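Here's a quick briefing to read with the model open beside you.

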Amino acid sequence: MSFSDSDSSSYGGEYKNFRQISRERLLYEMLRSAKTGDSKSTRKVLIMDKLTVKIMSYSCKMADITQEGVSLVEDIYRRRQPLPSMDAIYFIQPSKENVIMFMSDMSDMSGRSPLYKKAFVFFSSPISRELVAHIRKDGSVLPRIGSLREMNLEYFATDSQGFVTDNDRALEELYGDEENPRKGDACLNVMATRIATVFASLREFPSVRYRAAKSLDPMTMTTFRDMIPTKLAARVWNCLMQYKKIPNFPQTETCELLILDRSVDQIAPIIHEWTYDAMCRDLLNMEGNKYVHEVPGKAGGPPEKQEVLLEEHDPVWLELRHAHIADAYERLHDKMTTFIAKNKAAQIQHGSRDGGELSTWDLQKMVQALPQYSEQIDKLSLHVEIAGKINRIIGDLGLQEIGQIEQDLVFGDAGMKDVIKFFTSKEDVTCENKLRVLMILAAIYPDKFEGEKGLNLMKLAKLPPDDMNAVKNMSLLGQPSDTKNSSTGAFSLKFDIHKKTHATRKEHTGKEETWQLSRFYPIIEDLIENLSKGELSKEDYPYTNDPSPTAHGTSQPASVRQAPEAHSMRSRRTPTWARPRNSDDGYSSDSILRHTSSDFKKMGKRIFVFIVGGATRSELRVCHKLTSKLNREVILGSSSLDDPPQFITKLKLLTADELNGWQMNSLDDIEI
């Protein structure tokens, strides 16, 4: 029996991305290794708790698990049938309750036979010495333990380059109106432990940097909220010091970790992101990666609902997810046209339409009529349907005008007067979209939402009190330095058509074409590039430790891949809201993800960015983009991955202020 940490495994010499390593550790280092030389059992039972089930589901499919000899998956807290001839694999958190349940399963005390022949126990994070001592004391359980190891894998690999720690209530627990240090500290401790297991899994030892706390002046005490990145960085570092005791764990820095919080960019979680992936999540009410659509019924019956997963195993999704929605729409039609042109059987089927364009329903019928082509056309028809549905929603909601004012606010081309004009002239805009415009406005002009000013804007937008609560709570995520700048006149409050006012982004100019409504980019794009070049301010983003001399040369001089030139779109299908403009964007037009799992070659040192309070699809997209540009795998972590509706709901619940009793003045009193 081994009471050791997990062994290092390379699984071959080729480069593997973050999610591949997580998957292979679970399948090979855990499931495949759970066997003994004298064991005749070839099938095993896998027992997990609620958290480890989610960890496993994000990295592996059921087919992967069964292929490694697992015939049954069980919940540790459910009553289970005894299987005394089978071995059991326990993948559980190292909690007292889980250890008690495991020992109860394998004990023969009180005349009760053990549930399984042998137990191979893998803990998701470090187990306390007290619990190990407790296990050692039980003489009836000890002989039945095949191994007892720390997997140190307690994160959810949501993407090939992204993970979350499942602290979904981090905003509430860390940024709530009434600070609760005990609750906040507990949240940070869990977060730090799970972040550290990422580096244990990858056998990486990072230099740790964080957003420094900033107060209004030397006499003002920093708040718990402003110290969150500092506190988290210290806790992560303490965990990493323990991992240095693991055999073969690096003793000097091999990568870089930058810890931020949501205050670094309040606009990214709210603004409309115009990529295919983000639009799907924002507009289609998806549950996770699950999309539900109708397909023709069998034998001419009524339509049936079908669930599909939009994930990296789908090559069409992988190619188009980071493309602008108009680009994705066009390219899907081009793919379908090409497929039909090359497929004689499909041409015959299409001929019955007298040369007209195929509808989604026609395509789905074709799949049934031509089963030999179903694998190819199934995916295409699905994505044609999704892109068409999104395009209709964009038109129905008037998102082009909403998106335009959002972009103009961010780049200083519009201000308070423009928002007021927009609200008075566009009465059919939904409450959600008006709220998002107001939240962007609040992030740029926090002083305009003090006292009754914000309530007058709420009245103008005709928003209910709980919506305005979300706007008010934007201030809880703001940095003190931001408030200082706005209150001391660092930005002009006068509206001059010849000057940009309150611009929160600088234009990214370059030779590449992008889309008019996709000028916006998350702040982390600039931070990561500066970090990679060694130009990130050490005052604003200090180190937790003094990195080794060899760690300073982390910027890789590898050749930068040039983004492909944008291709011209035929006007017959280009929506009116998709006019191209110049910008340096690696995902314009025909570009696709060229660095999928099997395409990574020799990469530079990894860059990890962790955002407390929820990351966004746009930030994840940037990490993919910069991986290609910098030739360094950029991995995004966060307490959660939020789409705009989720983030807004969290902000509404952040505090429980009652706004109904506040007095609203007339619209004439709105100060501009």
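Helix 9 is mostly covered, with eight of its eight residues buried (buried means under 20% relative accessible area, exposed over 50% and partly exposed in between, using a 1.4 Å probe and protein chains only). Helices here are DSSP runs of H or I with at least four residues, strands are E runs of at least two, and both are numbered from the N terminus. Keep in mind that this is a predicted model, where local features need pLDDT of at least 70 and side-chain atom pairs count only at pLDDT 80 or more, while totals for chains, interfaces and linings use all residues. Residues are numbered from 1 along each chain as its sequence is written, and side-chain values use heavy atoms, leaving out hydrogens and water.

**Helix 9 and what follows**

- The buried residues of helix 9 are Y276, D277, A278, M279, C280, R281, D282 and L283.
- Just after helix 9 comes N285, with a positive phi of about 55°.
- N285 sits in the loop between helix 9 (276-283) and strand 10 (290-295), and at 74% relative accessibility it counts as exposed.

**Another positive phi**

- Most residues other than glycine have a negative phi.
- K462, a residue other than glycine, has a positive phi near 60°.
- You'll find K462 in the loop between helix 18 (452-461) and helix 19 (465-472).
- K462 is exposed too, with a relative accessible area of 59%.

- Look for E507 in the loop between helix 21 (480-487) and strand 12 (513-515).
- E507 is partly exposed, at 30% relative accessible area.
- The side chains of E507 and R519 are joined by a polar contact of 3.0 Å (a pair of N or O atoms within 3.5 Å; within protein, one must be able to donate a hydrogen and the other to accept it, and residues adjacent in sequence count only if both atoms are side-chain atoms).
- In sequence, E507 and F411 are 96 residues apart, yet their C-alpha atoms are 7.4 Å apart in space.

**Helix 1 against helix 2**

- Helix 1 (residues 18-32) and helix 2 (residues 50-59) pack at about 115°, with axes 9 Å apart (axes are lines fitted to C-alpha atoms, for helices over the stretch in contact, and angles run from 0 to 180 degrees between N-to-C directions).
- From helix 1, R19, S22, R23, L26 and M30 make the contact with I55, M56, Y58 and S59 of helix 2 (contact means heavy atoms within 4.5 Å).
- These residues split into five nonpolar, two polar and two charged (Ala, Val, Leu, Ile, Met, Phe, Trp, Tyr, Cys and Pro count as nonpolar, Asp, Glu, Lys and Arg as charged, and the others, Gly among them, as polar).

**Helix 22 against helix 23**

- The axes of helix 22 (residues 523-532) and helix 23 (residues 617-630) come within 10 Å and cross at roughly 30°.
- That makes helix 22 and helix 23 roughly parallel (angles under 35 degrees count as roughly parallel, over 145 as roughly antiparallel, 65 to 115 as roughly perpendicular and the rest as oblique).
- I524, E525, I528, E529 and S532 of helix 22 meet E619, V622, C623, K625, L626, K629 and L630 of helix 23.
- By class, this contact of helix 22 with helix 23 has six nonpolar, one polar and five charged residues.

**The chain overall**

- The protein chain has 24 helices and 15 strands.
- Of its 672 residues, 55% are buried.
- Among contacts in the protein chain with a separation of 6 or more, 81% come from residues 24 or more positions apart.
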